[in-house]
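I opened this model to go through its chain contacts, its strands and its charged pairs. My notes follow in the order I looked things up.

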Protein chains: 2
Amino acid sequence: MEISKIGSFGLRDHIVAALEPAKQEGTLLSLVDDAALFIAPQGEQNLVVNRLLLEGIHFDLVYFPLQYLGFKAITSAVAEIIGMGGTPRQATLCVGLSRRFQVEDVDILMLGVKDALALYGVDLVNLEVTSSYTGLTVAVTCIGSVAEGEALRKSTAKKNDLICVTGNVGAAYMGLQLLIREKVAYDGTEEFQPKFDGREYILSRQMKPIARLDILRQLQAEGVRPSAMTNITDGLASDLMQLCHASGVGARIYEQRLPIDHETVGMAEDFSLSPTLVALNGGEDYELLFTVPLGLKDIVESIEDIRQIGFITDQEDGIRLVSSGGSETSITAQGFNREE
Amino acid sequence: MEISKIGSFGLRDHIVAALEPAKQEGTLLSLVDDAALFIAPQGEQNLVVNRLLLEGIHFDLVYFPLQYLGFKAITSAVAEIIGMGGTPRQATLCVGLSRRFQVEDVDILMLGVKDALALYGVDLVNLEVTSSYTGLTVAVTCIGSVAEGEALRKSTAKKNDLICVTGNVGAAYMGLQLLIREKVAYDGTEEFQPKFDGREYILSRQMKPIARLDILRQLQAEGVRPSAMTNITDGLASDLMQLCHASGVGARIYEQRLPIDHETVGMAEDFSLSPTLVALNGGEDYELLFTVPLGLKDIVESIEDIRQIGFITDQEDGIRLVSSGGSETSITAQGFNREE
């Protein structure tokens, strides 16, 4: 159905009617008035972050299905709240749609949005639907909360702290390369089948990344308070550099400790790329990078899916990678995905 | 300077360096970490709203200067917080920029943003700068707060309540028509001078609309709590219809009571438009539409820049306009500006 049939108000009502009721106790008014009303739980402070996803820059609908885009948009904002140690609670969404989109397209986009809202336990409290001159635009704001004084910052890492990474890195980037390759390979015939066999994991990391609320909960359950934390968006190297810069420290990380999935390694080799560089600079990992005091080494080691990759040094020692062969290099690279 | 010279991170740092320090007590961490941290004042609840402004849909940079766009983007979100009776406190901003924009363009955009932040006393707490494939995209989120239980809603107007409007309506729409006419009239010669003489007011209403925090403060100072309220964005008729629909009531408003500036009337006549229809359907007024119990009539009358335009009726009586001649018509029109 053409969106013009029901208008942007009608489309908004159509979307709202298909949403689950708000689940957070702190969501007081949502989707009904000029603005949404909310409160943080007693003793908690509020977090807010916004993200903007633009067609042609952050996604290409030729190979990126709308449903996954909806999921990823919510994840990209939720991950920043988790990166501060917060619990995501409310989200707002603005969608700009050009004339080539129909009501059914919006329904598919919203399937992914709703999937992500359910997964993270987040309420959509404000929604704007508008026309767009060119393509699809998605703006997401996520609100969360964190106990007073417990927000985890980039600026508080200390010398000798262990540097930890959750999951693995570089997979989302190789998933993107695979998608782009198959897009290029597509010859326009109906018989064309993209070659994704055995690459499902890296594809899922690109298309349906999941923010690590699970790890945050485990750290809290074990009583582990990271000395510093950030979400890995720009690539491990870039986010580590930002953390070190904010904390006024240096870092030494070990190539052989970098968590890289075997599909990432295989795909990197197919593309004649160094798996290490992919892991350092890929970006869009939505994993957590954090530091803990040395004394917490054993507890952290007991939590699944956390890898200790190095330790914090003095600022004047720089940010260095110790290669598997024992040589050292400075980490200066920017993420491959950096839009400049 | 090309943005690529300093990169999107460099541009973000450049913008942040030129911002005033945060002024709100409740702004705890801004512009430094994955997300911003804030609290509402003791006993207050949080409000949040987001707006998306897209080039070619919400603004045309041929006649809409970047500085005013920055101001208007902040105003458009702030106005929704005020429309709920809230005090705007924090804002987040995402800017998507295509290659035709330079660092200096962003500086000009930010002049308007900063002007608005200062006027409303709002802190910019989160900023994202990204590339755009086509044109300029601005996403703004505003956070505010309101005393517990004091949020002003659309859904609580009662029969016999007075219907009030602040300032005047239709001016921003006629300002837009003037801008469009002069754009069309522009003949490409250097000697061309747009004809804006004597139309400064309607131009200012289109280009630099100011949300009515002043009126909200006056109502609070006089102890007037509106029974219902909303911000006028879509046009008086559309916003009145939404308020009536949410409250389950009807309305009767009087043509001769509609607040219309003489420049709006003059410009409407130039375009052979009915000033009444322009006032009802223009949109982008950023004025307040609210209702008060009859008993508050005298107090409301004593506050400058508030006009009583009619009263709330039973739902079955519909939403009706009483013309200057005494005849009645149903109000059904949508705003001129509605993007469908």
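Predicted model: local features only at pLDDT ≥ 70, side-chain atom pairs only at ≥ 80, totals over all residues.

**Entry 1: the interface**

I began with the area buried between chain B and chain A, which is about 5,000 Å². Carbon and sulfur atoms give 54% of that area.

Next I looked up the residue counts. On the chain B side 60 residues are in contact, and on the chain A side 59. I noted six salt bridges between chain B and chain A. Polar contacts between these chains come to 24 residue pairs, both residues being at pLDDT 80 or more. Which element gives the largest share of the side of chain B that touches chain A? Strand β3 of chain B, residues 44–54, does, with nine residues.

**Entry 2: A:E128, seen from both chains**

I picked one of the cross-chain salt bridges. B:R51 pairs with A:E128, and their closest N and O atoms are 3.3 Å apart. I found A:E128 in strand β5 of chain A, residues 123–131. Is A:E128 buried or exposed? It counts as buried, because its relative accessibility is 13% and the cut-off is under 20%.

The side chain of A:E128 also has a second polar partner to note. A polar atom of this side chain lies 3.0 Å from the backbone nitrogen of B:L52. I listed the contacts of A:E128 beyond four places in sequence. In chain A they are A:L93, A:C94 and A:V95; in chain B they are B:N50, B:R51 and B:L52.

**Entry 3: strand β7 of chain A**

I moved to the strands of chain A. β7(A), residues 162–166, runs antiparallel to β11(A), residues 306–314, and five bridges join them. Along this pairing A:I163 stands opposite A:G310, and A:V165 has A:R307 as its bridge partner. β7(A) also pairs with β10(A), residues 287–292, in the antiparallel sense over four bridges. There A:C164 stands opposite A:F290.

How many residues of β7(A) are buried? Five of the five are, so the strand is largely enclosed by the rest of the structure. I checked both faces. A:L162, A:C164 and A:T166 are buried on one side, A:I163 and A:V165 on the other.

I then followed β11(A) to another partner. It pairs with β9(A), residues 249–254, over five bridges, again antiparallel. A:I253 stands opposite A:G310 in β11(A).

**Entry 4: B:T313**

I looked at β11 of chain B, residues 306–314, where B:T313 sits. B:T313 counts as buried, because its relative accessibility is 7%. Leaving aside neighbours within four places in sequence, I found B:T313 in contact with B:K159, B:V249, B:G250, B:A251, B:R252 and B:G318. A polar atom of the B:T313 side chain lies 3.0 Å from the backbone nitrogen of B:A251.

**Entry 5: helix α4 of chain A**

I checked the span of α4(A), residues 171–185. Its 15 residues reach 21 Å from first C-alpha to last, close to the 21 Å expected. Buried residues of this helix include A:Y173, A:M174, A:L176, A:L178 and A:E182. What do the buried residues of α4(A) pack against? They meet α5 (200–207), α8 (262–270) and α9 (275–281) of chain A.

A:E182 also forms a salt bridge with A:R181, at 3.2 Å from N to O. A:E182 is buried at 6% relative accessibility, while A:R181 is partly exposed at 31%.

I counted 40 salt bridges over all chains. One of them joins A:E80 and A:R51, with the closest N and O atoms 2.9 Å apart. A:E80 lies in α2(A) and A:R51 in β3(A), so the pair ties together parts that are 29 residues apart in sequence. A:E80 is buried at 8%, and A:R51 is buried at 15%.

Another joins A:K208 and A:D115, at 3.0 Å from N to O. A:K208 is in the loop between α5 and α6 of chain A and A:D115 in α3(A), so this pair ties together parts 93 residues apart in sequence. A:K208 is partly exposed at 30%, as is A:D115 at 31%.

Methods: Residues numbered from 1 in each chain as written. Chains lettered and ligands numbered in written order. Heavy atoms only, no water. Helix = DSSP H or I, 4+ residues; strand = E, 2+ residues; numbered from the N terminus. Expected span 1.5 Å × (residues − 1). Buried < 20%, exposed > 50% of the residue type's maximum accessible area, 1.4 Å probe, protein only. Contact = heavy atoms within 4.5 Å. Pairing = 2+ DSSP bridges. Buried area = accessible area lost by both parts, 1.4 Å probe. Salt bridge = Lys/Arg side-chain N within 4 Å of Asp/Glu carboxyl O. Polar contact = N/O pair within 3.5 Å; in protein donor to acceptor, adjacent residues only side chain to side chain.
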